[in-house]
Amino acid sequence: PNDLTPTHISWQPSVNAANHHTDRYANTELTVRRGQAFIITLYFNRPRQNGESLGFVTEIGPSPSESHRTRAIFNLSEAGGSGWSAAQGASDSAAMNFTITSPANAVIGRYNLTLRVTTGNKIFSRYLGQFVLLFNPWCPGDDVYMSNENERQEYVLNENGIIFVGNARYIEARGWYYGQFQDLLNICLTMLDLSLYYRQDPAMDVSRRGDPKYVGRVISSMINGNDNDNGVLLGKWQGSFHSHENPSRWDGSVVILKKWRQDNYRPVQYGQCWVFAGVMCTVLRCLGIPTRLVSNFNSAHDVDRNLSIDKYYDSSGRSLNISKDSTWDYHVWNESWFIRPDLGRSYNGWQVLDATPQEQSRGIFQCGPASVLAIKEGEVDLDYDTLFVYSEVNADCNRWIVYNDGTKKRVYCDTEIIGRSISTKAVGSNGRVDVTANYKYPEGSSEERRVYRKALAKILGTSVTEGRTDSAGGRSSETMRNPGIAGKFKLAEPPVFGKDINLILVLSNLSSDRKSVRVDMSASTILYTRRTVAEILKAATSVELGPKQGKHIRVKIPYTHYGKYLTTDKRIQVTALCEVMRTHGLKLLVEKTIILEDTNIIIKVNNFLPDVLNRSVSLEISYANPLPEPVSRCVLLVTLMNQQVKINLAPLAPRERSRIYFEFTPRRAGPLQLQVDFSCDKFSHVKGFVTIAVAPA
């Protein structure tokens, strides 16, 4: 039996990884991208003779078949129908080099590779091992092809990110470590095998994994643990977090994904929107789909799908939690880059995917891909979930007063407030890029109203004039007449965490009649989803306004009132319901959300040299107690890629600032993000980050 037998294989890992931009993956098996050739070297027991022809078999999934395109058989130098091919390169008597090329639309995942030797009518097969195939943004034939190298570096290869949070008037940047190359590839591939789609029909599911639309949608369902599908994270937006992790504590995805695997794929507790988005970005970049995070400010969650967000107040201006609709200060989702042959060429490019569990789509908590261009054009009937995302950036906002007898009156309608300052990180820097114009025409423009009417008509199935209904039913609730006064809250000085907040309610009489106004004021601490945590102020006053006169009413919210009711979101909402007397109850509603500023963490890099590989870098990290009372149990967490150092600090006196020095040695060239998280007994998870450019040695 002197059959031609391979005795040894070299997967040529370094040359293949460099050519395929996979040299940073931590896994040891060959990892390559589709639509591009890779090289292997086979050593045989003897030289090959005439009449011995060679071929290969690639197989993926539990039941590989040629009809599902999960199995391919291809002989040397023959163009088979499968799109796979192999050619022999320069070889000597002992070793033979082969170039294997996969089609640009091949299924991605882990393949088995087998050698076939045919002599006459005898076929001898020898299993060679496994390799992993990924999406290829460098390949023009791939659905995820991206032509710009700087964009590929950012959206596929950058392990550091910036998430924009805060609110439309006060946008804050937070660091996030994606870490897609930190030994997560197997976890990401397992995630696909745990999905409900795979459980329902494994062979069919694997055969669709060449399609980024499908893979993106499946991953969006797997990042949340809402469908009994072993998803990665459970969300929690109210109450306390007790023994589990407050969503604000996370600084990156790697810890979360590794904890998920370690706990045998039980959902990790807890996430909120930016955590779901950060983890999904890691998984999609790891699989090779160009992906970024996008923050939408004043983001609508329109449960009843009428493109209107309705909010209700009682007759003294207290917010009532009776509507299922909500508006979040910000919401973070993902955009992935690929073509949409199912919709037509104009819908290619960025596609919205959202893993935060808000609404079910076809029975599962998943969202997208929705083409950003379809959203801009109001094509809300196009796949997938375009209507839901359209309303997140475009719904109108209505405020209603509910009287004791149950009647409702609309006191406010705003068509411009929802979907502001839509933001993403710049390519190659930590700057913010405003992408609002990708999602909508300018607010108030005729195109924007035209698109809104088109979207509404598609939902209602009729042509539409601008009449509105409210979520709680019926058109009976009429809009209140203009009360003839205007009002707004102004801050007397910037609101600082730990200090009293001084506000001014500016009321103006727009008419030439005298007016007596009764003002009911209320303030509550809230979450970034604008859900009320606790009422901290209630006051009423009356004011006389002469013709065309303006008056200032001062409002003070002392730290002693709000301190113990703030969450890590550090938000307070103030409302004033102003009733004009002797006018049958005409009312004006004035609202403001305040984010307390907290310039707590200051990080200084002390080396003035450009930071060089393998040379120590020293940092000064300063942190503070902004409160008028002492704090104890102070802890600083310093995170660099996967390493985290916990530093216990001495207690701080009221308003005391202190500092520590921190040294580390970078082991990789390129941008390095260092994150700092400061907590104590009175507040937690105050963040800071710095990006250090590490030059090659």
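Reply: Glutamate 620 is buried, with a relative accessible area of 12%, in this predicted model. Its salt-bridge partner is arginine 659, and the closest N and O atoms are 3.1 Å apart. That pair links distant parts of the chain, with arginine 659 in strand E36 (residues 657–664) and glutamate 620 in strand E33 (residues 617–624), 39 residues apart. Arginine 659 is partly exposed, at a relative accessible area of 44%.

Next, have a look at aspartate 329 and arginine 571, whose side chains meet in a salt bridge at 2.5 Å, N to O. Aspartate 329 sits in strand E17 (residues 326–338) and arginine 571 in strand E29 (residues 571–580), so this pair ties together parts that are 242 residues apart in sequence. Aspartate 329 is buried, with a relative accessible area of 1%, and arginine 571 is buried too, at 3%.

A further pair joins glutamate 159 to arginine 24, where the closest N and O atoms are 3.1 Å apart. Here the link runs between loops: glutamate 159 lies between helix H2 (149–157) and strand E10 (160–167), while arginine 24 lies between helix H1 (13–19) and strand E2 (30–33), 135 residues apart. Glutamate 159 counts as buried because its relative accessibility is 5%, whereas arginine 24, at 28%, counts as partly exposed.

Altogether, the count comes to 37 salt bridges.

Technical notes
Residues are numbered from 1 along each chain as its sequence is written. This is a predicted model: local features need pLDDT of at least 70, side-chain atom pairs count only at pLDDT 80 or more; totals for chains, interfaces and linings use all residues. Side-chain values use heavy atoms; hydrogens and water are left out. A salt bridge is a side-chain nitrogen of Lys or Arg within 4 Å of a carboxyl oxygen of Asp or Glu. Helices (H or I, at least four residues) and strands (E, at least two) are DSSP runs, numbered from the N terminus. Buried means under 20% relative accessible area, exposed over 50%, partly exposed in between (1.4 Å probe, protein chains only).
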